[in-house]
Amino acid sequence: MVDPVKIAAAVAEGIAAVNTQVMMFNVGDQVVHPQHGVGQVVKLENREFGSGVTRRYYEISILSAGSTLWVPMDPPSFGLRNLAQRGEINACRKILASRPSPLLDDARSRQANLAERLKEGTIRVQCEVVRDLYAFGEHKSLYGSMAGFFRQTQNVLCEEWALVEGITLAEAIQEVNTLLEKSRSMVNKPKA
């Protein structure tokens, strides 16, 4: 059951309320997958992948990568969500410039936690993950899979940001990075 108080609070903050139980998309809808980017639903189809079980899937064309992604229609949909609205981008500016939250020290636990958070399927969480990883990189280098995870998550955010705001990807990247620098400046730097 969706909590109407949480929905009202989300709407008041300019963040779209997401019903995590059932999110239906139609052919032609623009959607965002938190790890693959902005795409368009091109087909709804029954498919069987490896397990021998036939399930209903969204076929999504990820335009920037020139690839196709199959996402199960039944929950969980792995963070698949509608494209953000302009008001959500305004709220994201505040999130990206706010004080970052500390992350777990253990690399595997940290990455698993961040990936799980992205499955919530909100641009708010996408912004928090990018902000927190950016600040984390100030104190501990991001390398290997964590660096790739950060770059991909930030790229997806900037791609959506540019599309919603009607600006170039380069302009979106510049604005997001400026906001992230404000956030990172709030973190106390360790003494050498």
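Reader: Why is the crossing in which α3 passes α5 called left-handed?

Author: A crossing is left-handed if the near helix is turned anticlockwise from the far one by less than a right angle, and right-handed if it is turned clockwise. Helix α3 passes α5 in the left-handed sense. This is a predicted model, in which local features need a pLDDT of at least 70 and side-chain atom pairs count only at pLDDT 80 or more, while totals for chains, interfaces and linings use all residues. Residues are numbered from 1 along each chain as its sequence is written, and side-chain values use heavy atoms, with hydrogens and water left out.

Reader: What makes α3 and α5 roughly parallel?

Author: Helix α3 spans residues 107–118, and its axis comes within 11 Å of that of α5, crossing it at roughly 20°. Axes are lines fitted to C-alpha atoms, for helices over the stretch in contact, and angles run from 0 to 180 degrees between N-to-C directions. Angles under 35 degrees count as roughly parallel, over 145 as roughly antiparallel, 65 to 115 as roughly perpendicular and the rest as oblique. The two helices are therefore roughly parallel to each other. Helices (H or I, at least four residues) and strands (E, at least two) are DSSP runs, numbered from the N terminus.

Reader: Which residues of α3 and α5 meet?

Author: On the α3 side they are A107, R110, Q111, L114, A115 and L118, and on the α5 side S145, M146, F149 and T153. By class this contact has 6 nonpolar, 3 polar and 1 charged residues. Contact means heavy atoms within 4.5 Å. Ala, Val, Leu, Ile, Met, Phe, Trp, Tyr, Cys and Pro count as nonpolar, Asp, Glu, Lys and Arg as charged, and the others, Gly among them, as polar.

Reader: Why is α5 called oblique to α6?

Author: Helix α5 (residues 144–165) packs against α6 at an angle of about 120°, and their axes are 8 Å apart. That angle makes α5 oblique to α6. Helix α5 passes α6 in a right-handed crossing. From α5, Q154, L157, C158, E159, W161 and A162 take part, and they meet L169, A172, I173, E175, V176, N177, L179 and L180 of α6. These residues divide into 10 nonpolar, 2 polar and 2 charged.

Reader: What makes α2 oblique to α5?

Author: Helix α2 (residues 86–97) and α5 pack at about 135°, with axes 10 Å apart. That value makes α2 oblique to α5. The contact is made by R86, I89, C92, R93 and L96 of α2 with L157, W161, V164 and E165 of α5. It comprises 6 nonpolar, no polar and 3 charged residues.

Reader: How do you know that β1 and β2 pair?

Author: Two strands pair if DSSP finds at least two bridges between them. Strand β1 (residues 30–33) is joined to β2 (residues 37–48) by 4 bridges, and the two run antiparallel; they therefore meet that condition. H33 stands opposite G37 in β2, and a hairpin joins the two strands through 3 residues. Strand β1 is also joined to β5 (residues 81–82), by 2 antiparallel bridges; the partner of V32 there is R81.

Reader: What makes β4 and β5 edge strands?

Author: An open sheet of 5 strands has the order β4-β3-β2-β1-β5, with antiparallel pairing. Strands β4 (67–72) and β5 each pair on one side only, and are thus its edges. Helix α5 packs on this sheet, touching β1, β2 and β5, and its direction makes about 110° with that of β2.

Reader: How many bridges join β2 to β3?

Author: There are 9, in the antiparallel sense, with Q40 opposite S61 in β3. Their hairpin has 5 residues between the strands, and G50 takes a positive phi near 65°.
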